[in-house]
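Have the sequence and the 3D view ready, and look for each residue as it comes up.

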Amino acid sequence: TEGMHPLLAPDNLNYAQPSITNGDIVTVTPWLAPIVWEETFDSNLMDHIYKPQNITISATVFAVGKYIRFLQDFLHTAEQHFFVGYNVNYYVFTDKPEEVPNVNLAPNRKLNVVSTPSSNRWQEISARRMELIQILIEEKLRNHADYIFCLDVDSKFHGHWGAETLGQLVAVIHPGYYYGPRSGFTYERRSKSRAYIGEGKGDFYYCGGAYGGSLKDVHALVSTCRVNFEADAAEGIEALWQEESHLNQYMWINKPTKVLSPEYLWQDFAPRRPEIKIIRFSGVVKNYAEIRPN
Ligand code: UD2
């Protein structure tokens, strides 16, 4: 298709595992995509380039079932740190529209509520996001947004997240797997799944909790992952980490044009190493047994 990333043939291609630390930080991938870290960009300069373009950024967030409780902090901190000064449209997917909190939004920022069915399986809620984002892009966003970011709701912003993250296809490296060999990544290893990545293959382990890019590229990502997830399901297989596994397989074949360091989605359980100078966005510690529907 016009404008799509070239399809690589990863199974016939062997190369050394890329790394984002190397004694120092590494700021470019072996396919020449920037890796964004603190001190690699100048925010004022980025704003000087992007603000005059009057771009609109959409952010999707799912708050289904008990996860509605995370929405207030998510939105409140996003107002302080996420694309401050830009046109931002939040799309909140929830089965409890009446419980969406009233958060004061800056001018040029809007909140849209999308009614979403619940499910008894958290795996399904998480994975169905791909389908619902695909539909959102097709039905609502075309011609109404330039970029989109898809974010986990059980998280908060603590630092600047702005124009330095813009790109066609943007992925965030998972904080638990940014060092160490790819043999330890939790990729889907069963070859009957469409999310399969074989031993000695793959680039990074990316988060399912934050990704984005241009509408066109994110549409290609979510629709491909959805088709693959559903085709697996029809054969009775669910990838180890649901849509996160499919996202990793997609990003391996269609290399991201920009990679964000784990500053952009930290988790408390990850050991804090010296290269992490700032945490911009991080997962909230939660009691899985209590919060999930099953
Ligand atoms: C990881 C990923 C997550 C997803 C999942 C695999 C990160 C930080 N998180 O997190 O994105 O790929 O693995 O499926 O990379 N949700 C609801 N209601 C529910 C359950 C989930 O709204 O009852 C939504 C909510 O927006 C939540 C997201 O789905 O943030 C992901 O679910 P999770 O946070 O329970 O998944 P987790 O922590 O295993």
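This report turns to the ligand and its surroundings, then to the salt bridges.

## The model and its pocket

Keep in mind that this is a predicted model. Where does the ligand sit? The space taken by the ligand is the largest pocket.

## Who surrounds the ligand

Altogether, 24 residues surround the ligand. If you want to find the closest ones, look for Phe-62, Tyr-67, Asp-154, Glu-243 and Lys-286. What kinds of residues make up the shell? There are 12 nonpolar residues, five polar ones and seven charged ones.

## Polar contacts and cover

Which parts of the protein do the ligand's oxygen atoms meet? A polar backbone atom of Val-64 is 2.8 Å from a ligand oxygen. Side chains take part as well: an N or O atom of the Gln-242 side chain is 2.8 Å from an oxygen atom of the ligand, and for the Arg-292 side chain the distance is 3.0 Å.

On its own, the ligand has 730 Å² of accessible area, and the protein covers 96% of that.

## Salt bridges

The count of salt bridges comes to 21. One of them joins Asp-152 and Arg-129, whose closest N and O atoms are 2.7 Å apart. This pair links distant parts of the chain, 23 residues apart. Asp-152 is in the loop between β7 (147-151) and β8 (155-157), whereas Arg-129 belongs to helix α3.

Conventions:
Residues numbered from 1 in each chain as written. Predicted model: local features only at pLDDT ≥ 70, side-chain atom pairs only at ≥ 80, totals over all residues. Heavy atoms only, no water. Near = heavy atom within 4 Å. Polar contact = N/O pair within 3.5 Å; in protein donor to acceptor, adjacent residues only side chain to side chain. Areas by Shrake-Rupley, 256 points an atom, 1.4 Å probe, with all protein chains shown as cover. 1 Å grid on protein atoms, 1.4 Å probe; cavity = no way out; pocket = protein on both sides within 12 Å on 5 of 7 lines; lining within 4 Å. Sits in = over half its atoms within 2 Å of the grid points. Nonpolar A, V, L, I, M, F, W, Y, C, P; charged D, E, K, R; others polar. Salt bridge = Lys/Arg side-chain N within 4 Å of Asp/Glu carboxyl O. Helix = DSSP H or I, 4+ residues; strand = E, 2+ residues; numbered from the N terminus.
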